[in-house]
Amino acid sequence: MSDYAKKVYNILCRKGFHQKVHQENFTKFNYGDMTPINDELLSVIPGGTVILAPEVYEAMRALGEATGESRKEFPFFLFGHEIDDNVVFFDEFFSQSSKREETSAHFSPAMVDYLSKKLMTGNLVVCHGHSHPPIGQFYHYFSLGDFGAYVKMTEENNVFRNKEAQLMGCMVDCDGEFKFVHYDMEQENFYRFAKVYRKDNENKLQSLKDDTSEKRR
């Protein structure tokens, strides 16, 4: 287990309402970096909402379908801005990687280079995303390795560490579900976005995920 994966483990097992459940899951499903993490057990960001532009939604939907057909993971970046408190609008999708495997997403040098150029513009919200193919019973969950990658990218990149840009994580499964999370370095905790919408061609919002559990917490 990497140092970042160990950090994720320690955070999930000592913080939040569901730390005991996380502890039980890590004991029961001890698959190293592939250990599943149920994002529904994370605290909800107050008012946390993700809105996808039509072209971004279509690209992500197509990626999910390709993932199901190929049974390979696909990496991608989303770029956008915070348009209100904890409300993020993504209007750009970017993916370019020919190295694809069943259990990990590889961000090509071209993707990393494109990200570096985008970060020079400042004031961005960047989403580090990937897809999960229908392999095993936990493909609709994040993995310990996924969360470790978000922590690593946040803490090792000056732009994210100094909050010149914000970083989120996303997982798309082959069933068409989009999940968004955020690692808060100052709080040393993970949070999820309970509401996900797409804009249609008439500029109206269509709900992809409207989690009412936010009202219960």
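Buried means under 20% relative accessible area. The views below come from a predicted model.

**View 1. K179 and D39 meet in a salt bridge.** K179 has 4% relative accessibility, so K179 counts as buried. D39 is buried too, with a relative accessible area of 2%. The pair links distant parts of the chain. K179 sits in strand β9 (residues 178–184). D39 sits in the loop between β1 and β2 (43–44). The two residues are 140 residues apart.

**View 2. R61 forms salt bridges with E58 and with E65.** For E58 and R61, the closest N and O atoms are 2.7 Å apart. For E65 and R61, the closest N and O atoms are 3.0 Å apart. E58 and R61 are three residues apart in helix α3 (residues 54–70), so about one helical turn separates them. E65 and R61 also lie in helix α3, four residues apart, about one turn of the helix. E58 is partly exposed, at 36% relative accessibility. R61 is partly exposed, at 36%. E65 is partly exposed, at 42%. Elsewhere, salt bridges that share partners join K7, R14, E155 and E188 into one network. The structure holds 11 salt bridges.

**View 3. D200 is buried yet has no salt bridge.** The nearest side chain of opposite charge is R198, 5.9 Å away. A salt bridge needs the nitrogen and oxygen within 4 Å. D200 lies in the loop between β11 (195–199) and β12 (205–210). The side chain of D200 reaches the backbone nitrogen of E202 at 2.8 Å. Leaving aside residues up to four places away in sequence, D200 touches P54 and Q206.

**View 4. F29 pairs with Y31 and with F138.** A search of the whole structure finds 15 aromatic pairs. The ring centres of F29 and Y31 are 6.3 Å apart and the planes are at 50°, so this pair is tilted. F29 is buried, at 14% relative accessibility. Y31 is partly exposed, at 45%. F29 and F138 form an edge-to-face pair, 4.7 Å centre to centre with 65° between the planes. F29 lies in the loop between α2 (19–28) and β1 (36–37), and F138 in the loop between β6 (125–132) and β7 (142–143), so the pair ties together parts 109 residues apart in sequence.

**View 5. Lysines lie over the faces of F79 and F89.** K118 is 5.2 Å from the ring centre of F79. K199 is 4.9 Å from the ring centre of F89.

How values were computed: Residues are numbered from 1 along each chain as its sequence is written. This is a predicted model: local features need pLDDT of at least 70, side-chain atom pairs count only at pLDDT 80 or more; totals for chains, interfaces and linings use all residues. Side-chain values use heavy atoms; hydrogens and water are left out. Buried means under 20% relative accessible area, exposed over 50%, partly exposed in between (1.4 Å probe, protein chains only). Lys and Arg count as positive and Asp and Glu as negative; His and the chain ends are not counted. A polar contact is a pair of N or O atoms within 3.5 Å; within protein, one must be able to donate a hydrogen and the other to accept it, and residues adjacent in sequence count only if both atoms are side-chain atoms. Contact means heavy atoms within 4.5 Å. Rings of Phe, Tyr and Trp (its six-membered ring) pair if their centres lie within 6.5 Å; planes under 30 degrees apart count as stacked, over 60 as edge-to-face and the rest as tilted. A charge sits over a ring if NZ of Lys or CZ of Arg is within 6 Å of the ring centre and within 35 degrees of the ring normal.
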